[in-house]
Amino acid sequence: MTDTWYILGAGAMGTLTAHEFSRAHVQSCLLHHGSQTELRFLQCADDEHTLSAQPLTNLDQAEIKRLLVTTKAGQLAAALRGADTYLHPDAVIVTTANGLGMEAALAPLLGSRRLVRAVSTAAAFRQGGHQVTAVTAGETAVGDGQDRPAPWFLDGLQHVRGWRWSPDIGDRIHRKFAINCAINGLTASLGCRNGELLNGPGAESLAQLVAETEPVLRALGLWKDHLSLQAEVERVCRLTADNQSSMLQDILAQRPTEMDYLNGELLRRGRATGFELARNQQLVRAVRALELKAQ
Ligand code: PAF
């Protein structure tokens, strides 16, 4: 029998993932930090699915051998701290969090375990309370730096719709980082959908931000594409024109954003290499002000 995947974080991403795992007959258990069993209602096109989320504290010590953490980067440390008692010493831990710069703070919490990164285009949003609406199951790339899929991937995750092993996960993380640095903060600060960055004042702000951002990303080895970042970002904005970026959703729902792990981290790395990034700095300040206003 294969090990159960424990999915920690019963928000939009965790709920959609738990549903996708159950569709693929991969044994999983959705977990949350509360003290009671809770329900989540997932709307997928015309179907509604009910899922239950169990309190983490119901588990036995060291019970978790496979953990998927679906929280954002800023909540990862707290999630891992809360799960510590329940984690097996050899547990595989996978995170779908975006961004860069969280690794050092997490290292003491991981012990000898490694944090495996997953890069996902799955999208869902929470409509208040326990209602979640799925936008797309998307594609999820998972990798630990090895060419061949790990046994824990082959015995379960490979059967989930859209989940693939990726030998070049580092490049995918960097690519998503670059695209998120261009789209997320701007849509959050302007309060607009992704498609609104293609025309008018939104397009102007995007062009200025990308013109400042691409050279530093290239210098840091975080954007290696032969295509310009501007062309790729416009393509993503066209494909996701009606979407509210995850950061805009966070601002609207008064949740902390991933800014520290996106443009905030870019500023830190850029400064260390001699780049002054005025527009990125302005954007980080604008998003922080919105976060503070919401507190
Ligand atoms: O973070 C997001 O919302 C997405 O990565 C993207 C590509 C910006 C589309 O909304």
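Predicted model: local features only at pLDDT ≥ 70, side-chain atom pairs only at ≥ 80, totals over all residues.

Trainee: Which backbone oxygen lies 2.6 Å from a polar atom of the Thr213 side chain?

Mentor: That of Leu209. Thr213 itself lies in helix H6, and besides Asn280 it touches Leu229 and Leu266, leaving aside residues up to four places away in sequence.

Trainee: Why is Thr213 called buried?

Mentor: Its relative accessible area is 2%. Buried means under 20%, so Thr213 qualifies.

Trainee: On to H10. How do you know that its length agrees with what a helix should span?

Mentor: H10 has 17 residues, and at 1.5 Å a residue they should span 24 Å. The end C-alpha atoms are 25 Å apart, which agrees.

Trainee: And why do we say that the buried residues of H10 line one face?

Mentor: The buried residues there are Asn280, Leu283, Val284, Val287 and Glu291. Seen down the axis of H10, they fall within an arc of 100 degrees, so they line one face of the helix. On the other side, Ala278, Gln282, Arg285, Leu292 and Lys293 are exposed.

Trainee: What covers the buried residues of H10?

Mentor: The cover includes H5, H6, H8 and H9.

Trainee: What about H2: how do you know that its buried residues line one face?

Mentor: In H2, residues 73-83, the buried ones are Ala73, Leu76, Ala77, Ala79, Leu80 and Ala83. Seen down the axis, they fall within an arc of 165 degrees, so they line one face of H2. They pack against strands E1, E5 and E6 and helix H3.

Trainee: Now the cores. What makes a set of residues a nonpolar core?

Mentor: The members must be buried, come from a list of residue types that includes Leu and Phe, and be joined through side-chain atoms within 4.5 Å. The largest such core here has 36 residues, and Phe177 and Leu217 have the most contacts inside it. H5 gives the largest share, 10 residues. This core draws at least three residues from each of domain 1 and domain 2.

Trainee: Which residues does Leu217 touch?

Mentor: Leaving out residues up to four places away in sequence, Leu217 touches Phe177, Ala178, Leu222, Trp223, Leu229 and Leu266. Apart from that core lies another, of 31 residues, among them Ile7, Leu30, Ala150 and Leu157.

Trainee: Last one: where are the domains, and how many residues does each put into their contact?

Mentor: The chain is divided into domain 1 (5-167) and domain 2 (171-294). Their C-alpha centres lie 25 Å apart. The contact takes 17 residues from domain 1 and 17 residues from domain 2.

Key. Residues numbered from 1 in each chain as written. Heavy atoms only, no water. Buried < 20%, exposed > 50% of the residue type's maximum accessible area, 1.4 Å probe, protein only. Helix = DSSP H or I, 4+ residues; strand = E, 2+ residues; numbered from the N terminus. Domains from an automatic or database assignment. Contact = heavy atoms within 4.5 Å. Expected span 1.5 Å × (residues − 1). Arc of directions from axis to C-beta. Polar contact = N/O pair within 3.5 Å; in protein donor to acceptor, adjacent residues only side chain to side chain.
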